[in-house]
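Reader: I would like to learn how to read a structural model with care, beginning with the overall fold and ending with single residues. Could we go through one together?

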Amino acid sequence: QENQLAMKLAQGIAGAGYHFWIPPCTNQLFVILPDPLVEELEENFFFHRWKKYDERRTVVRLVIGWGSTEEDVSAF
């Protein structure tokens with residue numbers, strides 16, 4: 001269940017033109033996002049800033065857990 005939701009989220013992220021620091025293969029996704037988008041997403045979602053990728057982008061760690069839903073994935 002969690003891995004399936006994570007892959008759905010990964011497809012949406014890739015479809016929006018963003019890239020992964022590590023290829024998605026589990027319920028954890030490491031996504032490279034522009035810093036302004038990270039700040040915007042933090043207003044409504046909880047995730048971990050993993051590391052700076054470069055001067056303008058950050059790798060964030062997204063985790064799909066047992067309580068995550070299709071609605072959560074769609075909202076993100």
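This is a predicted model: local features need pLDDT of at least 70, side-chain atom pairs count only at pLDDT 80 or more; totals for chains, interfaces and linings use all residues.

Reader: How many helices and strands does the protein chain have, and what pattern do they follow along the sequence?

Author: Helices (H or I, at least four residues) and strands (E, at least two) are DSSP runs, numbered from the N terminus. The protein chain has 3 helices and 4 strands, and along the sequence they are arranged as α-β-β-α-β-β-α.

Reader: What radius of gyration does the protein chain have, and what would a compact globule have?

Author: The radius of gyration is taken over C-alpha atoms, and the globule rule is 2.2 Å times the number of residues to the power 0.38. For 76 residues a compact globule would have a value near 11 Å, and the protein chain, with 12 Å, agrees with this. Along the principal axes, its C-alpha atoms fill a box of roughly 35 × 25 × 20 Å.

Reader: How are burial and contact read, and what share of the residues counts as buried?

Author: Buried means under 20% relative accessible area, exposed means over 50%, and partly exposed lies in between (1.4 Å probe, protein chains only). By that rule, 29% of the 76 residues of the protein chain count as buried. Contact means heavy atoms within 4.5 Å, and among contacts with a separation of 6 or more, 44% come from residues 24 or more positions apart.

Reader: Is T58 buried or exposed, and which side chain does T58 join in a polar contact?

Author: T58 lies in strand β4 and counts as buried because its relative accessibility is 2%. A polar contact is a pair of N or O atoms within 3.5 Å; within protein, one must be able to donate a hydrogen and the other to accept it, and residues adjacent in sequence count only if both atoms are side-chain atoms. The side chains of T58 and D35 are joined by such a contact, of 2.6 Å. Leaving out residues up to four places away in sequence, T58 touches several residues, including I32, V38 and Y53.

Reader: Where does I32 lie, and which residues does I32 touch?

Author: I32 belongs to strand β2 (residues 28-34) and is buried, because its relative accessibility is 7%. Beyond residues up to four places away in sequence, I32 touches Y18, H19, F20, W21, Y53, R57, T58 and V59.

Reader: Which class of accessibility does H48 fall into?

Author: H48, found in strand β3 (residues 48-52), counts as partly exposed because its relative accessibility is 41%. With residues up to four places away in sequence set aside, H48 touches V59, V60 and R61. The C-alpha atoms of H48 and V59, 11 residues apart along the chain, are separated by 8.8 Å.

Reader: Where does S68 lie, and is S68 buried or exposed?

Author: S68 sits in the loop between β4 (57-63) and α3 (70-75), yet S68 is buried, with a relative accessible area of 18%. A polar atom of the S68 side chain lies 3.0 Å from the backbone nitrogen of G65. Apart from neighbours within four places in sequence, S68 is in contact with L5 and V63.

Key: Residues are numbered from 1 along each chain as its sequence is written. Side-chain values use heavy atoms; hydrogens and water are left out.
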